[in-house]
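Work through the exercises below with the sequence and structure open. Try each task before you read its solution.

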Amino acid sequence: MILNVQNLSVTFRSKGGVVYALKNICFSLEKGDVLALAGESGSGKSTVANALVGLVPWEQGGTYELFGEKINPYQKKSFSIVRSKMQMAFQDPYSSLNPRNTVMEIVTAPLLARGISKNEATKKAKRMLDLVGLSNADVHKFPHAFSGGQRQRIGLARALVLEPKILICDEITSALDVSVQAQILHLINDLQNELELSLIFISHDIDVMEMIANKVLRLSNGEVEVD
Amino acid sequence: MNFELLSVRNLSVAFGDVQVTDNVCFNISSGEIFALMGESGCGKSVTAMAIPKLLPQPSAKIVSGEIILEGKNLLELPSKALYEIRGKKIGCVFQEPMQALNPVVSIGTQLLEAVRFMPKEKRLKRIKELLTKAEFKDPERILKSYPHEMSGGMLQRIVICIALAPKPSLVIADEPTTALDANIQTAVMDILKSMCKSENAAMLLITHNAHLAAKYADRIAVMYAGQIAETGKTSEVFNTPKHPYTKALLKVVPAKGKTLADLKPIPGSVLSPKDFDKGCRFRFRCEFVKGECDKLGYGVWGMGRMRIGVLVFYDS
């Protein structure tokens, strides 16, 4: 088991009191798994993803284990270990890339933040961009010069450049045309085989999930739905 | 009895020096749902927005063609007469309902604006009738609300009411559900379809979603790189696609029972209008490409059915 999450709860405070966005979610992931997170909008799919990488605070009582290592989800620092092993690609390729940075700057940013030298980072970024199907000529362009599908490739390269073992794909094909969606789904599949990734795949398209996933976690109103 | 409501003939639109659509032809009968389907950047929205002359001025120019609505060529009408047509004869439903509505004006005022052509005493009755048809349970409360108080699906239903309020004969729905969640999409489309039917309005549905086109359209035109590749009854186009692009497009649509291996991505992307030449525009991505594909010019066969460039394949 590479990932084991027990009793994950997330709350938001609003005027009316405390609202549970997630309530006692439990799931695990084996190596090579593709876990689909399914459910309607507002069911908590993206909140699960955000909680896993520490973008939203956990409620007390949850436990989190990653590659056999106990993670303390109540300490911000511990997510630094998480993020070296788990990365995320986002839904909207238009708003998830900094418009003022070149592709190379975007993809090398996570490496530089981890203290890797610029030369080494550039080398790694080039290899990853090549892997997702972007050419050498593209690396000094800005995001506006690319189509939605190409931007999603840049987002994937940024997520994969740290060589994570788990990739969270949060609705990565929702904003794309069907023909581009097919390209990205094949790319994800190829990358998964090549880099031995395990995936957490969030989508609202049942047909797409059936194609790509071997496990499904269905959420409804922040709770796991039992079939 | 259905009659020909809209006839778009040889419509070509250019932005500056670059021609983006090329001899687009199609007809819509009264009460019919007609879908324009294709990838982003194929010219679907440009074609749709050319009909009520809503293309950005002065950058967009209609190079050639006719747009005949109920016997009148809209391209020859003075701009004052077009005011009468927009809204009254042609209603529009756009992709982003949040941007289509004014955030600081109540829903009631915005709906009343849409029925300003009607006698005063009938206006309120008409909008309440529309809200009930759009399945709002409490129309009185809705009239007092503001856009930020409603969800995307509710807002799109309001936009549909506004589009249909003056009893138009044609509704142009440009990706009406793309910005909405998958589970709300069907509900909104069902309401849009049933309201068009009950108001006897025809619909031009612009979509890249093949599932949506298959489910709701009576007839369909597949667009590629500014040209109509294929038109026909929806069942015909989906069951026996003739154009190589339609065939390729249907292969990338995920469906129940399909595996990832069944999903055959179309290599490359849509040709940029700057690179259009005389040859078939799909030849760079086509699996049936032949030597003559780059020589065959464009021609309209029948009423915008298909290009001469691909007739080679229909015959063989």
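Two strands pair if DSSP finds at least two bridges between them. Helices (H or I, at least four residues) and strands (E, at least two) are DSSP runs, numbered from the N terminus. This is a predicted model; local features need pLDDT of at least 70, side-chain atom pairs count only at pLDDT 80 or more, and totals for chains, interfaces and linings use all residues. Residues are numbered from 1 along each chain as its sequence is written, while chains are lettered from A and ligands numbered from 1 in the order in which they are written.

**Exercise 1.** Find the bridge partner of Met86(A) in β7(A), and decide whether the residues of β6(A) are buried or exposed.

Solution. Start with the pairing: β6(A) and β7(A) run parallel and are joined by 4 bridges. The partner of Met86(A) is Ile166(A). Next, burial. A residue is buried if 20 or more other C-beta atoms lie within 10 Å of its own, exposed if 12 or fewer, and partly exposed in between; C-beta atoms are placed from the backbone. In β6 (residues 86-89) of chain A, Met86(A) and Met88(A) lie on one side, Gln87(A) and Ala89(A) on the other. All four are buried, and both faces are covered.

**Exercise 2.** Check the length of helix α6 of chain A, then find what covers its buried residues.

Solution. The expected span is 1.5 Å times one less than the number of residues. Buried residues of α6(A) include Val178(A), Ile184(A) and Leu191(A). Their cover includes α4 (118-131) and α5 (148-160) of chain A, and also α9 (210-216) and α11 (244-251) of chain B. After the helix comes Glu196(A), with a positive phi near 50°.

**Exercise 3.** Which strands stand at the edges of the open sheet of chain B?

Solution. Write out the order of the 6 strands: β6-β7-β8-β3-β9-β10, with mixed pairing. β6 (90-93) and β10 (227-233) are at the edges; each has a single partner strand, so one side of each lacks a neighbour in the sheet. Now look inside. β3 (residues 33-37) and β8 (residues 202-207) of chain B pair in the parallel sense over 5 bridges. One bridge links Ile33(B) to Met203(B) in β8(B).

**Exercise 4.** How many residues of each chain are in contact with the other?

Solution. Contact means that C-beta atoms, placed from the backbone, lie within 7 Å. By that rule, 20 residues of chain B touch 17 of chain A.

Methods
Contact = placed C-beta atoms within 7 Å.
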